[in-house]
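Please look through the sequence and the model below before reading on.

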Amino acid sequence: MNKKMMSLLAVIFSCTLFLAVGMLTAAEDVPDEVELCPEANGFERILKGPVKLTHKQHAEDYKVACTECHHEYEDGKNVWKEGDEVKACRDCHKMERTEQDGATVYKLKNAYHKNCKNCHKELKKEGKPTGPFRKCNDCHEKKS
């Protein structure tokens, strides 16, 4: 797969972090925390507990642009803009990898993992403070 396609897919998957909560219409409405919960997403075999995402902190303190995570692709470009409907991640990312408009859409679990881990790894490479990305239990709560 070429670099442009990989970059495009990385952007697509970074959007999945914030989509699990429903619809957000403006930055002021950003929830403080979002729980990425395997049970709510239909995973059949749940090995780990949910991940709590500090949504507001990522948006406001870390200055992560909304379009880094929220997306709607047309002709290979993200046309989503603040105020547009936010779909749930599982609306496009299914339990298995799929194809959509000639592009690979990662399965839901991989979309979450690639988005979070890749962003945190990149920050670490740049010598910037970052969240965890190596040990499962650093992100996932204990399974109840």
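In this predicted model, Glu141 and Lys52 form a salt bridge in which the closest N and O atoms are 3.4 Å apart. Glu141 lies in the segment after helix H5 (136-139) while Lys52 belongs to strand S2, so the pair ties together parts that are 89 residues apart in sequence. Glu141 has a relative accessibility of 33% and therefore counts as partly exposed, and Lys52, at 38%, also counts as partly exposed.

Lys52 also meets the side chain of Glu35 in a salt bridge, with a distance of 3.8 Å from N to O. This pair, too, links distant parts of the chain, for Glu35 sits in strand S1 (residues 34-36) and Lys52 in strand S2 (residues 51-53), 17 residues apart. Glu35 is partly exposed, and its relative accessible area is 39%.

A further salt bridge joins the side chains of Lys128 and Glu126. Lys128 is partly exposed, with a relative accessible area of 45%, and Glu126, with 43%, is likewise partly exposed. Through salt bridges that share partners, Glu33, Glu35, Lys52 and Glu141 are joined into one network.

| Salt bridge | N to O distance |
|---|---|
| Glu141 and Lys52 | 3.4 Å |
| Glu35 and Lys52 | 3.8 Å |
| Lys128 and Glu126 | 3.2 Å |

Which residues make up the largest nonpolar core? This core has 7 residues, namely Val34, Leu36, Val51, Leu53, Cys89, Leu108 and Tyr112. The elements that contribute two or more residues to the core are S1, S2 and helix H4 (108-125). In soluble globular proteins, nonpolar side chains tend to be buried together. Val51, one of the core residues, touches Val34, Glu35, Leu36, Cys139 and His140 when residues up to four places away in sequence are not counted.

The chain averages a pLDDT of 78, and 75% of the residues score at least 70. Over residues 15-27, however, the pLDDT is below 50, although this stretch has 50 contacts in the model beyond near neighbours in sequence.

Definitions and conventions
Residues numbered from 1 in each chain as written. Predicted model: local features only at pLDDT ≥ 70, side-chain atom pairs only at ≥ 80, totals over all residues. Heavy atoms only, no water. Salt bridge = Lys/Arg side-chain N within 4 Å of Asp/Glu carboxyl O. Helix = DSSP H or I, 4+ residues; strand = E, 2+ residues; numbered from the N terminus. Buried < 20%, exposed > 50% of the residue type's maximum accessible area, 1.4 Å probe, protein only. pLDDT = per-residue confidence, 0-100. Contact = heavy atoms within 4.5 Å. Core = buried A, V, L, I, M, F, W, Y, C linked by side-chain atoms within 4.5 Å.
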